[in-house]
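Biologist: I would like a close look at a single part of this protein. Please keep it brisk.

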Amino acid sequence: ACEIALNAGQVFVIAHQSRRSFVEHLDFVTSPGHIGGSSNRRGRGPTLVVTQLGTYRFEDGEMTLVSLHPGVTVDQVRAATAWDVAVGRELEEVAAPTETELSALRQLDPERIYLK
């Protein structure tokens, strides 16, 4: 994971969001990110984080909520986050998947690990 985070052009993270996984302080960092700010060529960190609640991007090194999934509120996001999460000024709602997209997702995730 460390080598991927340091050398990949872009890293997208898919994670389950809860207070247990989105903790206030880390005891150990496996994959450094956003080292030296956004202009640094190495250790740029993830570009995007997607959870069951919404999507995050990094603004000035801070993970910022930029969109919510249908039916999710900012209060639900805050309840599942152990820090005061940054919320983008123009918070969007992600469009629900089309039938074609759902069909493709069901083929990629037949055991419904990500689709619930």
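Biologist: Where is the place of Val 94? Please also take me through the aromatic pairs.

Modeller: The model is a predicted one. Val 94 sits in the loop between β5 (86–93) and α3 (99–108). Its relative accessibility is 28%, so Val 94 counts as partly exposed. Buried would need a value under 20%, and exposed one over 50%. Look next at what Val 94 touches. Beyond its neighbours within four places in sequence, Val 94 is in contact with Thr 55, Ser 67, Leu 68, His 69 and Pro 70. Take Ser 67 from that list. Ser 67 and Val 94 are 27 residues apart along the chain, yet their C-alpha atoms are separated by 6.2 Å.

Now the rings. A pair of aromatic rings is described by the distance of the centres and the angle of the planes. The whole structure holds two aromatic pairs. In one, Phe 22 and Tyr 56 have ring centres 6.1 Å apart and planes at 50 degrees, so this pair is tilted. It links distant parts of the chain, 34 residues apart: Phe 22 is in the loop between β1 (12–14) and β2 (48–50), and Tyr 56 is in strand β3 (residues 54–59). Phe 22 is buried, at 6% relative accessible area. Tyr 56 is buried too, at 0%.

Phe 22 also pairs with Trp 83. That pair is stacked, with 5.9 Å centre to centre and 5 degrees between the planes. Trp 83 lies in the loop between α2 (74–79) and β5, 61 residues from Phe 22. Trp 83 is partly exposed, at 26%. Together, ring pairs link Phe 22, Tyr 56 and Trp 83 into a cluster.

Note on methods
Residues are numbered from 1 along each chain as its sequence is written. This is a predicted model: local features need pLDDT of at least 70, side-chain atom pairs count only at pLDDT 80 or more; totals for chains, interfaces and linings use all residues. Side-chain values use heavy atoms; hydrogens and water are left out. Helices (H or I, at least four residues) and strands (E, at least two) are DSSP runs, numbered from the N terminus. Buried means under 20% relative accessible area, exposed over 50%, partly exposed in between (1.4 Å probe, protein chains only). Contact means heavy atoms within 4.5 Å. Rings of Phe, Tyr and Trp (its six-membered ring) pair if their centres lie within 6.5 Å; planes under 30 degrees apart count as stacked, over 60 as edge-to-face and the rest as tilted.
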